[in-house]
Amino acid sequence: MNNGSGTATPLILDAMQLASDPDLEARFTESAHRILADLVHRGAALGWVEPPSPHEVAALLSHVVSAVQAGDGSLRVAYLGRRLVGLGYWLRYARPTHQPHADLEKVAVDAAAHGHGVGRALTAALIADARRSGIEVLTLDARGDNSNALHLYRSLGFTEYGRLPDFVASGGRRYDKVFCMLDLRRQA
């Protein structure tokens with residue numbers, strides 16, 4: 001799909017739409033692993049120190065899909081043509097007193113697709129899903145040096161509510177852990 005400026009616009013699908021295309025669904029876990037492992041290899045802050053194994057990614061995606069089926073999560077994927085270029089998800093908090101809320105846990109975009117609006121499109125779709133699901137507060141945390149992601153989240157209405165200095169240890173370096181929230185009750 002072209003957006004008129006010569007740049008392709010990503011097609012954003014939810015878990016049900018992904019499952020309805022047997023070809024995309026069959027290649028999804030392998031494609032997601034490729035993106036996640038490459039990003040972690042490049043130093044991305046996605047929760048792994050070393051690139052995840054195919055088994056780790058498959059287990060994670062199985063958990064996310066189960067949560068989506070139970071109404072406790074949302075998975076969004078981005079395609080340019082038939083090529084997966086990004087994915088993201090949120091999960092509802094399990095603690096009974098926190099169940100009106102969810103945590104945006106990962107938004108990952110293929111390095112080759114950075115700067116083309118894929119992360120924004122994925123995050124906006126996940127926010128819309130949270131609103132439709134009755135989520136009151138959507139939270140996330142990001143590594144303090146991930147300025148592009150933090151800028152994106154702020155531009156979509158997230159506000160910083162806390163920071164743990166030098167909390168994240170990676171490769172002998174330390175980074176702040178930044179906590180952000182989007183209060184959907186105020187935007188109803």
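A charge sits over a ring if NZ of Lys or CZ of Arg is within 6 Å of the ring centre and within 35 degrees of the ring normal. K106 does this with W48, its charged end lying 4.6 Å from the ring centre. Keep in mind that this is a predicted model, where local features need pLDDT of at least 70, side-chain atom pairs count only at pLDDT 80 or more, and totals for chains, interfaces and linings use all residues. Residues are numbered from 1 along each chain as its sequence is written, and side-chain values use heavy atoms, with hydrogens and water left out.

**Charge over ring**
- R143 has its charged end over the ring of Y175, 4.2 Å from the centre.

**Aromatic pairs**
- Rings of Phe, Tyr and Trp (its six-membered ring) pair if their centres lie within 6.5 Å; planes under 30 degrees apart count as stacked, over 60 as edge-to-face and the rest as tilted.
- That rule gives 2 aromatic pairs.
- Y153 and F158 make an edge-to-face pair, at 5.7 Å centre to centre with 65° between the planes.
- Y153 and F158 are both buried (under 20% relative accessible area; exposed is over 50%, partly exposed in between, with a 1.4 Å probe and protein chains only).
- Y161 and F179 form a tilted pair, because their planes meet at 45°, with ring centres 5.8 Å apart.
- Y161 is in strand β6 (residues 159–170) and F179 in strand β7 (residues 173–183), so this pair ties together parts 18 residues apart in sequence; strands are DSSP runs (E, at least two residues), numbered from the N terminus.

**Also in β6**
- D166 is found in strand β6, and its phi is near 50°, a positive value in a residue other than glycine.
- D166 is partly exposed, at 45% relative accessible area.

How values were computed. Helix = DSSP H or I, 4+ residues; strand = E, 2+ residues; numbered from the N terminus.
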